[in-house]
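Colleague: I've got this model open and I'd like to learn how to read it. Could you walk me through it, starting with a strand?

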Amino acid sequence: MKFLDCFLYMILLICIMDNSYWLSFKEENKDNWHFDPSQKVQDFTYLGRLKTDFGPLIDLMKNDKNFTEYIMVQNIKKHDSKLSQRIQGFRDWGFSEHNTKSLQITDKEFPEIFKPFKEFAGFGECNVVALKQYPGQFLPWHQDTYVGFRKDYGVPDDVQVTRYSLMLEDWKWGHYFLAGNSVFHQWKQGDIIELPPKMHHVTCNAGMEPKLTMTITGTVTDEFLKIKESGIFEY
Ligand SMILES: [Fe+2]
């Protein structure tokens, strides 16, 4: 009986760790990354710090009524089979609608307040999302595919798309960002990081206060590359 319990437990562990989403991602990308959690490597790039007036955006983010709630494990009709498989993967790992919530505002709803954040980097087509994550909430281990962005803005596959992650407040205890094998914490307001394509990452709030961050997704232009190289970000 003990042997059977052990065997079933091992099967359960294997199912949780190697669900079909993660198995197929690893198989498809085995030549792009080491998939070795023991390696001491830097898996994101710190780019610099944006200087601008954060006040109006922070004020806006104080009121939850300005946000739309987004649940990462929620299946919706327009999802293709790959996205549904990914969501099932999150659920298999134990995530649920109770711990994958974030509140989001996009630049489309408040264009004036979002203008500095949309324009400072020199992106071409661009989508800005401000996120509020309450304690206990996760965006579980995932990659950004930009499939929705390309579709919404009609961006073809041969045009490069990337994402800046921008910290809207100084770091607080319990606020974390993990990219591949590298933890980012103790950030300052305005700090910007960028991940290599397909780099898996996690962001979570295990702290005491809401976590305020932003993603700026867009097409790479000459102006974007010039500003990025200069490391000077201001608006
Ligand atoms: Fe992400």
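Modeller: Strands (E, at least two residues) and helices (H or I, at least four) are DSSP runs, numbered from the N terminus. Bear in mind that this is a predicted model: local features need pLDDT of at least 70, side-chain atom pairs count only at pLDDT 80 or more, and totals for chains, interfaces and linings use all residues. Residues are numbered from 1 along each chain as its sequence is written.

Colleague: How many bridges join strand 4 to strand 11?

Modeller: First the general idea: strands of a sheet pair through backbone hydrogen bonds, either parallel or antiparallel. Two strands count as paired if DSSP finds at least two bridges between them. Here, strand 4 and strand 11 run antiparallel, joined by 8 bridges, and Asn127 has Thr217 in strand 11 as its bridge partner. Strand 3 is also antiparallel to strand 4, with 4 bridges; there, Gln104 stands opposite Leu131.

Colleague: What is the strand order in the open sheet?

Modeller: Its 8 strands go 2-3-4-11-6-9-1-12, with mixed pairing. Strand 2 (68–71) and strand 12 (233–234) are the edges, each pairing on one side only. Strand 12 pairs with strand 1 in the parallel sense over 2 bridges, and Lys51 sits opposite Glu234.

Colleague: Which residues have the most contacts inside the largest nonpolar core?

Modeller: In soluble globular proteins, nonpolar side chains tend to be buried together. A nonpolar core is a set of buried Ala, Val, Leu, Ile, Met, Phe, Trp, Tyr and Cys residues joined through C-beta atoms within 7 Å. The largest one here has 28 residues, and Phe117, Ala130, Leu166, Leu168, Met214 and Ile216 have the most contacts inside it. Strand 4 gives the largest share, 4 residues.

Colleague: And at what angle do helix 2 and helix 4 cross?

Modeller: Axes are lines fitted to C-alpha atoms, for helices over the stretch in contact, with angles from 0 to 180 degrees between N-to-C directions. The axes of helix 2 and helix 4 cross at roughly 120° and come within 7 Å. That makes helix 2 oblique to helix 4, since under 35 degrees is roughly parallel, over 145 roughly antiparallel, 65 to 115 roughly perpendicular, and the rest oblique.

How values were computed. A residue is buried if 20 or more other C-beta atoms lie within 10 Å of its own, exposed if 12 or fewer, and partly exposed in between; C-beta atoms are placed from the backbone.
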